[in-house]
Amino acid sequence: MAWIAWLIVAAALGVAESFTLTLAFGLLAAAALVAAIAAGVGGSVLAQVLAFAIAAGVGLLIVRPIARRQMTHPSLVREGSYALVGKKAVVIEEVSGTQGLIKLAGEVWSARALDEDHVIPPGTLVDVMEIEGATAIVYPRELLP
């Protein structure tokens, strides 16, 4: 019946994890499940405690730092119009420092040149440097370093 005690410990640790969200109690709950399996297959009390200690050590010393590192990194996925920054487009109507049209991702966008003194003729390939509202700020590809 020792496996039932380990399951109760695992459930209690799982509940504690749901309140703290630190991942520590969750890993200890998983270790308690390992100990419950050891008890279920007939392991001695020493084997159960060792199974718990080894699983908890591996979880807390190896898995937890990796998981925390993954949770602290911001997502690199850009969404919406911000995903268009850095994309290639074609000028379809002359682009100046104040107005123009480009074809970007299959759609026609209003555009203006990044450098207000540039006038970019139709047919020129440009890179989208930023998006301001519904206007793409572009720079000619051949002038890029």
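**Reading loops, helices and salt bridges**

Me: In which loop is the place of Ser96?
Reply: The model discussed here is a predicted one. Strand β1 covers residues 88-93 and strand β2 covers residues 101-104, and the place of Ser96 is in the loop between β1 and β2.

Me: Is Ser96 buried or exposed?
Reply: A residue counts as buried when its relative accessible area is under 20%. Ser96 has a relative accessible area of 17%, and because this value falls under that cut-off, the word for Ser96 is buried.

Me: Which residues are in contact with Ser96, leaving aside its neighbours within four places in sequence?
Reply: Contact here means that heavy atoms lie within 4.5 Å of each other. With its neighbours within four places in sequence left aside, Ser96 is in contact with Arg112, Ala113 and His118.

Me: Which residues does Gly97 touch, not counting residues up to four places away in sequence?
Reply: Gly97 lies in the loop between β1 and β2, and with a relative accessible area of 12% Gly97 is buried. When residues up to four places away in sequence are not counted, Gly97 touches Arg112, Ala113, Glu116 and His118.

Me: Are helices α1 and α2 roughly parallel or roughly antiparallel to each other?
Reply: Two packed helices are described by the angle between their axes and the distance between the axes. Helix α1 (residues 2-20) and helix α2 (residues 24-40) have axes 8 Å apart, and they pack at an angle of about 170 degrees. Because angles over 145 degrees count as roughly antiparallel, α1 and α2 are described as roughly antiparallel.

Me: How far apart are the C-alpha atoms of Ala36 and Trp3?
Reply: Ala36 lies in helix α2 and is buried, with a relative accessible area of 8%. Leaving aside its neighbours within four places in sequence, Ala36 is in contact with Trp3, Trp6 and Leu7. Although Ala36 and Trp3 are 33 residues apart along the chain, their C-alpha atoms are separated by 4.3 Å.

Me: What is the relative accessibility of Thr124?
Reply: The place of Thr124 is in the loop between β3 (107-113) and β4 (125-132). Not counting residues up to four places away in sequence, Thr124 touches Ala89, Val90, Val91, Pro140 and Glu142. Thr124 counts as buried, and its relative accessibility is 10%.

Me: With which residue does Glu132 form a salt bridge?
Reply: The structure holds 2 salt bridges. In the one formed by Glu132, the closest N and O atoms are 2.9 Å apart, and the partner is Arg112. This pair links distant parts of the chain, 20 residues apart, with Glu132 in strand β4 and its partner in strand β3, namely Arg112.

Me: How many residues apart in sequence are the parts tied together by Arg141 and Asp127?
Reply: The side chains of Arg141 and Asp127 meet in a salt bridge, at 2.7 Å from N to O. Arg141 lies in the segment after β5 (135-140) and Asp127 lies in strand β4, so the parts they tie together are apart in sequence by 14 residues.

Me: What accessible area does the nonpolar surface patch that includes Ile54 have together?
Reply: Ile54 lies in helix α3 (residues 45-72), and at a relative accessible area of 55% Ile54 is exposed. The patch on the surface is formed by Leu46, Leu50, Ile54, Val58, Leu60, Leu61, Ile62, Val63 and Ile66, and their accessible area together is about 840 Å².

Conventions: Residues numbered from 1 in each chain as written. Predicted model: local features only at pLDDT ≥ 70, side-chain atom pairs only at ≥ 80, totals over all residues. Heavy atoms only, no water. Patch = residues over 30% accessible without salt bridge, like charges linked within 9 Å, V, L, I, M, F, W, Y side chains within 5 Å. Areas by Shrake-Rupley, 256 points an atom, 1.4 Å probe, with all protein chains shown as cover. Salt bridge = Lys/Arg side-chain N within 4 Å of Asp/Glu carboxyl O. Helix = DSSP H or I, 4+ residues; strand = E, 2+ residues; numbered from the N terminus. Buried < 20%, exposed > 50% of the residue type's maximum accessible area, 1.4 Å probe, protein only. Axes fitted to C-alpha atoms, helices over the stretch in contact; angles between N-to-C directions. Parallel < 35°, antiparallel > 145°, perpendicular 65-115°, else oblique.
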